[in-house]
Amino acid sequence: MALVYFPEFRLGKVLATSFTGTLSERYGEALERIPVPSRLADWLAVNGLAVDSCSQAQLDHARELRESIHAAATAVANQNPLPSSAVQVINDCSTHGRASAILTPEGGREWLLGSASAEDALSVIAADAIGLLAGEREGKISLCASPTCRAAFVDTSRGYTRKWCDMNTCGNREKRARFLANKRKKSSLAD
């Protein structure tokens with residue numbers, strides 16, 4: 001049996017934007033991090049939303065939600081009106097699941113899924129997106145400065161000056177490219 005490689009998940013602190021990160025490098029060589037239903041189940045479990053299983057239809061629905069959240073977050077970051085189709089998908093997902101927030105003994109919040117279905121888990125992600133898009137979170141929705149990435153993230157830096165979705169990926173790649181370009185420029189001037 002052949003070993004199948006799946007790309008690692010890029011996990012963030014905000015559920016909704018972390019979910020949109022399951023497709024990275026949107027404007028370059030796109031990398032799908034949930035290519036099969038079982039990977040969606042894996043991602044949900046890692047994020048505290050364990051489900052019994054996922055079907056291809058549920059994966060397709062999850063991707064539709066992901067792209068709707070990304071479109072809405074992009075609109076907010078660019079100070080444009082929310083796309084009505086994205087709003088509809090997000091609202092539909094939010095209202096079609098059965099999940100409840102519960103308080104942990106440590107004072108944190110966990111989600112209790114009504115039926116451990118993908119729909120319940122997607123409703124939690126949609127509800128998180130609604131809170132984010134409605135401005136209920138501290139921070140500002142921004143887009144990664146990498147021209148191939150453009151991922152949405154929540155900027156909580158002082159002055160909201162963060163440029164990249166992740167310094168360890170996009171930030172390092174962009175800084176390295178700039179360094180090499182400057183090095184080539186200096187080399188050509190020396191010749």
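How much space lies in the second largest pocket? About 220 Å³ of space lies there. This is a predicted model, in which local features need pLDDT of at least 70, side-chain atom pairs count only at pLDDT 80 or more, and totals for chains, interfaces and linings use all residues. Residues are numbered from 1 along each chain as its sequence is written, and side-chain values use heavy atoms, with hydrogens and water left out.

**The chain as a whole**

- The chain contains six helices and six strands, where helices (H or I, at least four residues) and strands (E, at least two) are DSSP runs numbered from the N terminus.
- From the N terminus on, the order of the elements is α-β-β-α-α-α-β-β-α-β-β-α.
- The C-alpha trace spans about 70 × 50 × 40 Å along its principal axes.
- Of the 191 residues, 39% count as buried (under 20% relative accessible area; exposed is over 50% and partly exposed in between, with a 1.4 Å probe and protein chains only).

**The pockets**

- A pocket is an open set of points on a 1 Å grid over the protein atoms alone, where a 1.4 Å probe fits, with protein on both sides within 12 Å along at least five of seven lines; lining residues have an atom within 4 Å of a point.
- The largest pocket has a volume of about 450 Å³, a volume being the space filled by probe spheres set on the points.
- Of the 18 residues that line the largest pocket, Gly 12, Lys 13, Phe 153, Arg 162 and Cys 165 are the closest to its centre.
- Helix 1 (15-20) and strand 6 (152-155) are the elements that give two or more residues to the lining of the largest pocket.
- The lining of the second largest pocket includes Gly 12, Lys 13, Asn 47, Trp 111 and Arg 137.
- Strand 4 (109-113) and helix 5 (118-133) each give two or more residues to the lining of the second largest pocket, and helix 5 gives the most, with three residues.

**A pair of helices**

- Two packed helices are described by the angle between their axes and the distance between the axes.
- Helix 3 (residues 56-77) and helix 4 (residues 84-96) pack at an angle of about 130°, with their axes 8 Å apart.
- Helix 3 is therefore oblique to helix 4, since angles under 35 degrees count as roughly parallel, over 145 as roughly antiparallel, 65 to 115 as roughly perpendicular and the rest as oblique.

- Leu 103 lies in strand 3 (residues 99-103) and is exposed, with a relative accessible area of 69%.
- Leu 103 and Ala 71 are 32 residues apart in sequence and 31 Å apart in space, C-alpha to C-alpha.

Conventions. Axes are lines fitted to C-alpha atoms, for helices over the stretch in contact, and angles run from 0 to 180 degrees between N-to-C directions.
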